[in-house]
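Here is a short briefing for a first look. Keep the structure in view while reading.

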Amino acid sequence: MTVFVTGGAGFIGSNYIFYHLAKHPEDRVVCLDKLTYAGNLSTLAPIMNDPRFRFCKVDICDREAIYGLFEEEKPDAVINFAAESHVDRSIENPSIFLETNIIGTSVLMDACRKYGGVRYHQVSTDEVYGDLPLDRPDLFFTEQTPIHTSSPYSSSKAGADLLVMAYCRTYGLPVTISRCSNNYGPYHFPEKLIPLMIINCLHDKPLPVYGRGLNIRDWLYVEDHCKAVDLIVRGGRIGEVYNVGGHNEMRNIDIVRLIVRALGKSEELITYVADRKGHDLRYAIDPTKIHEELGWLPETKFEDGIQKTIRWYLDHPAWWEEIISGEYQNYYRDMYQQRLEDSAAANEVKR
Ligand code: NAD
Ligand code: DAU
């Protein structure tokens, strides 16, 4: 089988490609990636010469190029990881999120229709369900939870999900959707909470915690997500949504404290800064459906996964040093400098 994996130079897509090639050695994997700021070809270096693998630098919104690749490779399945994925960036500049996440999804599905017989899987997110209150730990997102988004990012992902379902009903496209909770693990881009805190800790830089750090995320080790996607693509029912999550809810502040302790640093680095606009309070997935239908269960416990992840960043400084040495510095300054200065000024007034 030939599988198109879009966004395969990013965090989850690259982990997925490694998983897929190891699990299904008979398959051919073609990675389609635009190499935005979040895509790293160095991540895929170990498989660049693997005859079962091909990398194509392409924008999923580029209809002509996408159709050309379909014609050439005749894929059996498309797994769409490609997206603009960072909530904070979507708050600053929504339009690219609409382009890639919605238009890009429609181009890929149009190509599937045109060439026929292609199974399409959309990698979506639990953020399409909005958030849950902090004082109702009994509530979880199920596949029946209404779509109710908060950020331009989650709205663009929800828009894509609705299109995917529409293509299934209108054109009979064989689709599935997975909605996963927060992933962590190797190759996670340094703008996201866990790698940002690890890298800042290593540089003894302030650890910018939004609000009071009480927001809750449901963390899943990235390989467990990859296993879920593979099971859905092979055995999931057409036209169905599968929630993916491991009942591992953590407050942001507890994650940050854990990283500080693991790296032997001082909690004085923790700096409370202005909150994210529209900040979702709590995500929590009910994964009953994927467990009962496909036998999926998370295998990596958070205590082990987070230590493995911290170890990975300690062992691979070249990977993240290259990323944070370039344009990332401008991003970091724009996103954090004012917040950190305001926080320092407020502390000064308190003293
Ligand atoms: P990422 O930002 O690390 O990687 C995204 C990849 O997509 C990059 O390689 C980038 O170059 C590529 N890309 C962006 N725009 C493109 C375009 N127009 N054409 C081709 N390639 C393009 O993202 P991630 O964290 O790996 O997330 C992957 C997918 O999983 C996304 O769809 C995201 O919504 C979803 N998701 C992420 C998480 C998470 O915790 N990270 C959880 C649930 C779902
Ligand atoms: O739930 C799935 C989603 O998880 C995915 O769909 C997104 O693509 C992915 O980026 C992630 O979104 P979050 O917004 O939850 O992840 P992020 O790492 O940006 O933030 C996690 C939490 O940490 C969130 O409550 C905001 C907070 N935070 C984040 C950063 C970057 C901070 O307190 N400080 C920070 O500097």
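Predicted model: local features only at pLDDT ≥ 70, side-chain atom pairs only at ≥ 80, totals over all residues.

Ligand 1 has 28 residues around it. Those that come nearest are Ile12, Asp33, Ser85, Tyr153 and Lys157.

- The side chain of Ser85 places an N or O atom 2.7 Å from an oxygen atom of ligand 1.
- Asp59 also takes part through its side chain: one of its N or O atoms is 2.9 Å from a nitrogen atom of ligand 1.
- Thr36 uses its backbone, with an N or O atom 3.0 Å from an oxygen atom of ligand 1.
- Ligand 1 exposes 840 Å² when taken alone, and the protein buries 97% of that area.

**Make-up of the shell**
- Three elements each give at least two residues to the shell around ligand 1: helix H1 (11-23), strand S5 (119-125) and helix H5 (152-171).
- Strand S5 provides the largest share, three residues.
- By type, the shell around ligand 1 holds 13 nonpolar, eleven polar and four charged residues.

**A closer look at Asp33**
- Asp33 is among the residues that come nearest to ligand 1, and Asp33 sits in strand S2 (residues 28-33).
- Is Asp33 buried or exposed? Asp33 is buried.
- Asp33 has no salt bridge. Lys57 is the nearest side chain of opposite charge, and Lys57 is 7.7 Å away.
- The side chain of Asp33 does reach a backbone atom: the nitrogen of Ala9, at 2.9 Å.

Terms used: Residues numbered from 1 in each chain as written. Chains lettered and ligands numbered in written order. Heavy atoms only, no water. Near = heavy atom within 4 Å. Polar contact = N/O pair within 3.5 Å; in protein donor to acceptor, adjacent residues only side chain to side chain. Areas by Shrake-Rupley, 256 points an atom, 1.4 Å probe, with all protein chains shown as cover. Helix = DSSP H or I, 4+ residues; strand = E, 2+ residues; numbered from the N terminus. Nonpolar A, V, L, I, M, F, W, Y, C, P; charged D, E, K, R; others polar. Buried < 20%, exposed > 50% of the residue type's maximum accessible area, 1.4 Å probe, protein only. Lys, Arg positive; Asp, Glu negative; His and termini not counted. Salt bridge = Lys/Arg side-chain N within 4 Å of Asp/Glu carboxyl O.
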